Amino acid sequence: MDSFSSPSSSSSSPQMSTEDFMDQLKVQLAQAYAEEFLETVRGKCFEKCITKPGSSLSGGESSCISRCVDRYIEATGIISRALFNAR
């Protein structure tokens with residue numbers, strides 16, 4: 001029997017501490033939030049600003065997307081601060 005199939009090998013392997021587990025969970029949640037945030041911004045700002053999709057953005061579309069993303073980031077920050085301060 002090799003060391004991987006030995007019943008005692010699982011008890012001697014290092015266990016992840018609660019703190020390490022929580023840190024890993026926070027990283028995963030942050031990544032998921034970032035992906036969701038970017039997907040939402042892309043969808044909403046594209047829908048709002050791109051009226052005639054083409055091979056490049058017009059100046060108006062480009063500035064609209066920039067403003068849209070800035071506003072979305074600002075609104076998300078305001079909501080986040082309000083939620084965290086409410087605790």
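In helix H2, the residues Phe37, Thr40, Val41, Cys45 and Cys49 are buried, where buried stands for under 20% relative accessible area, exposed for over 50% and partly exposed for what lies in between, with a 1.4 Å probe and protein chains only. The model is predicted, so that local features need pLDDT of at least 70 and side-chain atom pairs count only at pLDDT 80 or more, while totals for chains, interfaces and linings use all residues. Residues are numbered from 1 along each chain as its sequence is written, and side-chain values use heavy atoms, with hydrogens and water left out.

The chain has three helices and zero strands, taken as DSSP runs (helices H or I, at least four residues; strands E, at least two) numbered from the N terminus.

| Helix | Residues |
|---|---|
| H2 | 18–49 |
| H3 | 59–86 |

At 1.5 Å a residue, the 32 residues of H2 should span 46 Å, and its end C-alpha atoms, 45 Å apart, agree with this; the expected span is 1.5 Å times one less than the number of residues.

Helix H3 is included in what covers the buried residues of H2. Phe37 touches Tyr72, Ile73 and Thr76, residues up to four places away in sequence not being counted, and contact means heavy atoms within 4.5 Å.

The largest nonpolar core consists of seven residues, namely Phe37, Val41, Cys45, Cys49, Ile50, Cys64 and Cys68; such a core is a set of buried Ala, Val, Leu, Ile, Met, Phe, Trp, Tyr and Cys residues joined through side-chain atoms within 4.5 Å. H2 gives the most to this core, with four residues.
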